[in-house]
Amino acid sequence: MQKRPTTADIAKLAGVSSGAVSYALNGLPGVSSTTRQRILDIANDLGWRPNIVARGLSVSRAHSVGWVIARSLGIEPFFMRFITGLETELSASHTGLLLQIVDDHAAAIEAIQGWWAERRIDGVIVTDVWRDDVRIGVIDRLDIPGVLVGRPRTDSRLPAVWSDERVAVTSVVDYLVALGHRRIARVAGLRTLDHTLVRTAAFKTAMRRHKLDDSRVELTDYSPDQGALATRKLLTAPKRPTAISFDNDVMAVAALGVAREMGLAVPDDLSIVAGDDSDLCLLVNPTLTALSRDVAAYGAHAGRVLLEAIANKHPASYQDETSRLVVRASTASAPAPGRGP
């Protein structure tokens, strides 16, 4: 018996992705007219016919949402807690989560287009938003329901779930200055992320308000290795900082090891502030002062707004709680001039 031709066979002969084949065969935008015609011609030559049962099922809800993450997560606790809250909200409405990790935004767009064309998802979650993010334009153009985890945007219809990063960062600077610190540095995440730019701008503004011009910022990929490298770079500078804030917990934990390696006591010689307040902050010695918020609730709110968008309820953006500073043993008054190894 001859094998029935599939869309995978068409994609192979046409030299395109399966998502592009689905777009062409279903009359959806997303492929050029030349590519669409080539795909249709190949399908006709193969004698391809749509699976009527599958097509009938595809017009109903997929009961699944997509989330494509365009970077390595490493061991960041933030995402595990975010997923916990998101899954709690989705499971209550019998909706699954389709998660994929890719290398870049081009691969993310291809995955989203393929899922949408194949009716595998009802909507998408967009995290790690860039200032100029090409994913958002594609999602808007295809009219895919979605939610941004980040600041609302004027260039998109997508609702956002966000918190005020400026206020949180400012509270850290104000607290450290009140402890007498004048040389304060910041170890940030990826330079392309919108929230990195927002946090860094808030940090520099707060430093200027206190008439402190030496606002050192080191950019990383959020990994403990780069966190340690950035810390070592800061602490070997001629005017080393007496306090450093970090954008996540794993980098702050790595900084504790670097401080010990260099003979610096935390917090007597160096104060450290972490960024997410996961359990890691309580498992190290000294325990870490951190910006804290309910990340699971943040994920649940994102899920709720997405489900409302899928149901055509046109939800407004939702401002979540602002991270609050939780003071622990890793911060103290600035050391006296000349103190240190």
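Here are some friendly notes on a predicted model, point by point, to read with the structure open beside you.

1. **Start with helix α1.** This helix covers residues 7–14, and within it I10, A11 and A14 are buried. Why do these residues sit on the same side of α1? They cover an arc of only 100° around the axis, and that places them on the same side of the helix.

2. Just after α1 comes G15, with a positive phi of about 70°.

3. **A group of aromatic rings.** How many aromatic pairs turn up in a search of the whole structure? The search finds five. One of them joins F78 and F79 in an edge-to-face arrangement, with 5.5 Å from centre to centre and 85° between the planes. F78 is also paired with F82: their ring centres are 6.0 Å apart and their planes at 20°, so this pair is stacked.

4. Are F78 and F82 buried or exposed? Both are buried. F78 has 13% relative accessibility and so counts as buried, and F79, at 3%, counts as buried too. Widening the view, W67, F78, F79, F82 and Y298 make up one aromatic cluster.

5. **The largest pocket.** This pocket has a volume of about 680 Å³. Its lining is made of 43 residues, and those nearest its centre are E165, H195, R199, Y222 and R293. By class, the lining divides into 20 nonpolar, nine polar and 14 charged residues.

6. **Who builds the pocket lining?** Several elements each supply at least two residues, among them α5 (77–92), α8 (165–178), β8 (243–246) and α13 (295–310). Which element gives the most to this lining? That is α9, with five residues. You can find α9 at residues 194–209.

7. **The largest cavity.** The whole structure has two cavities of 30 Å³ or more. In the largest, there is about 40 Å³ of space. Its lining consists of R183, I184, A185, D214, R216, K239, R240 and P241. Sorted by class, that makes three nonpolar, no polar and five charged residues.

8. **The second largest cavity.** Here the volume is about 30 Å³. Which residues line this cavity? They are V68, A108, I112, I125, V126 and R135. Helix α6 (105–117) and strand β3 (123–126) each provide at least two of the lining residues. The class count is five nonpolar, no polar and one charged.

9. **A closer look at S245.** This residue is in strand β8, and β8 is one of the elements supplying at least two residues to the lining of the largest pocket. With 11% relative accessibility, S245 counts as buried. If you set aside its neighbours within four places in sequence, S245 is in contact with V172, A185, R186, V187 and V273.

10. **A closer look at A255.** Look for this residue in helix α11, which runs over residues 249–261. Why does A255 count as buried? Its relative accessible area is 0%, and buried means under 20%. Apart from neighbours within four places in sequence, A255 is in contact with T231, F246 and I272. A255 and I272 are 17 residues apart in sequence, while their C-alpha atoms are 8.0 Å apart in space.

Technical notes. Residues numbered from 1 in each chain as written. Predicted model: local features only at pLDDT ≥ 70, side-chain atom pairs only at ≥ 80, totals over all residues. Heavy atoms only, no water. 1 Å grid on protein atoms, 1.4 Å probe; cavity = no way out; pocket = protein on both sides within 12 Å on 5 of 7 lines; lining within 4 Å. Points joined across faces, edges and corners; volume = space filled by probe spheres on them. Nonpolar A, V, L, I, M, F, W, Y, C, P; charged D, E, K, R; others polar. Helix = DSSP H or I, 4+ residues; strand = E, 2+ residues; numbered from the N terminus. Buried < 20%, exposed > 50% of the residue type's maximum accessible area, 1.4 Å probe, protein only. Arc of directions from axis to C-beta. Phe/Tyr/Trp six-rings, centres within 6.5 Å; stacked < 30°, edge-to-face > 60°. Contact = heavy atoms within 4.5 Å.
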